[in-house]
Amino acid sequence: MDPKLILMVCLFLIPVTAIADYVRPQPRKTLRFSWNPKPPNYPQQVHISLAGDRHMRVTWVTVDKYSPSIVEYGTSPGRYSSIAKGESTSYSYLFYSSGKIHHTVIGPLEHNTIYFYRCGGQGPDLQLKTPPAQFPVTFAVAGDLGQTGWTKTTLDHIDRCNYDLHLLPGDLSYADYLQHRWDTFGELVQPLASARPWMVTEGNHEEENIPLLKDGFESYNSRWKMPFEESGSSSNLYYSFEVAGVHVIMLGSYVDYDEQSDQYRWLKVDLSKVDRKKTPWLIVLFHVPWYNSNKAHQGEGDDMMMAMEPLLYAANVDIVLAGHVHAYERTKRVNTGRVDPCGTVHITIGDGGNREGLAHRYVNPQPEWSVFREASFGHGELKIVNSTHAFWSWHRNDDDEPVRSDQVWITSLISSGCVAEKKNELRKILVAP
Ligand SMILES: [Fe+2]
């Protein structure tokens, strides 16, 4: 054979062989939702969230403005031994008027128990499972969901796993001002979100500003009310909750976060209440990652990191979960840009399936703190096994099958001696004016 031809064939084959093991998936189209009218008082878009100790908030929407905000519930199907009455809200946005959005808190509930419930005295008998009182507890994690074919795949994969609650670090519906997309997203996620608590924080796609007319997060706040009042926060955009030995803090990347801000002040108060004997694990979520070696959104989290990392480091945060970048990345324990055994493991998981596609381009060489990075859609599972050990796994959507391509055991900072070591450092920050 002509040597030139052999060389050309070789040059052609090398890159093909290098990427043959995994072909990056393309974005999938936004799902089409058929118009399926229901009676005006039929409960739609049902989702649940934790609302303080042993309580759950049930949220749903009805077209009927007179439908009552009641939830009947009990531990036997179709037999409701308890009833709770809640509140409701609605909003309008230019030519759009929302349905009646109901928020009803039920409880006290038993731990690790299946409850059957019905919203507004109408509709189907739904069921939910409450989280356990103690370890083990498993979180499903997926951010930047949207409502595409990939979103559906991610939700199907999460549905197959045995988990207790869903953590979502921002960018839910990708409504982006088109309010009916909030409704279709609510319907899309109901099968999962009505069965396990969904604990969410806001991303940039939740912000729907219209200068002089609408500011901020009205749609998001109206529809996805989280337990901010229960955790002493004055804003739905940052709050905390505790579940089975884990203290989880949800922060807002798009709310003031400097030392004089309400969010920072609230965070200090919240951290001062954390009892590591009761909740040995401390996990924080926010939307824009601080440690990101993808070329997308480079440096966007720097200001928030400058303001808040010293506090989170002193408080011994075990794991940070972020979204925004449409790719997966996991770091070693880090602080101020350097590997630090008493620092935090940062995980970026902003690739639940949104319409914008994946972020393929990375900064090279890979920073020392970056352990694993991959552009794929998928979800994560975090199983907190006991007070010292947790198992993290990343499940990419490979050819529609969940493929576990990254996994690691994480040991808690409380078991490493870091918590005791930084006690004075934390006290100093917490008492500072
Ligand atoms: Fe985002």
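Author: Let's start with the buried residues of helix H2, which are Trp150, Thr151, Thr153, Thr154, Leu155, His157 and Ile158. Buried here means that 20 or more other C-beta atoms, placed from the backbone, lie within 10 Å of the residue's own. Helices are DSSP runs of H or I with at least four residues, strands are E runs of at least two, and both are numbered from the N terminus.

A word on the source: this is a predicted model, in which local features need pLDDT of at least 70 and side-chain atom pairs count only at pLDDT 80 or more, while totals for chains, interfaces and linings use all residues. Residues are numbered from 1 along each chain as its sequence is written.

What do the buried residues of H2 pack against? Their partners are helix H3 (180-193) and the strands S11 (137-141), S22 (378-384), S23 (389-398) and S24 (401-411).

Stepping back, the protein chain has 8 helices and 24 strands, and 45% of its 433 residues are buried. The mean pLDDT (the predictor's confidence in each residue, from 0 to 100) is 92 for the chain, and 94% of its residues reach 70 or more. Residues 1-20, though, stay under 50. Where pLDDT is low, the predicted coordinates should not be read in detail.

Terms used: Buried ≥ 20, exposed ≤ 12 C-beta atoms within 10 Å, placed from the backbone. Contact = placed C-beta atoms within 7 Å.
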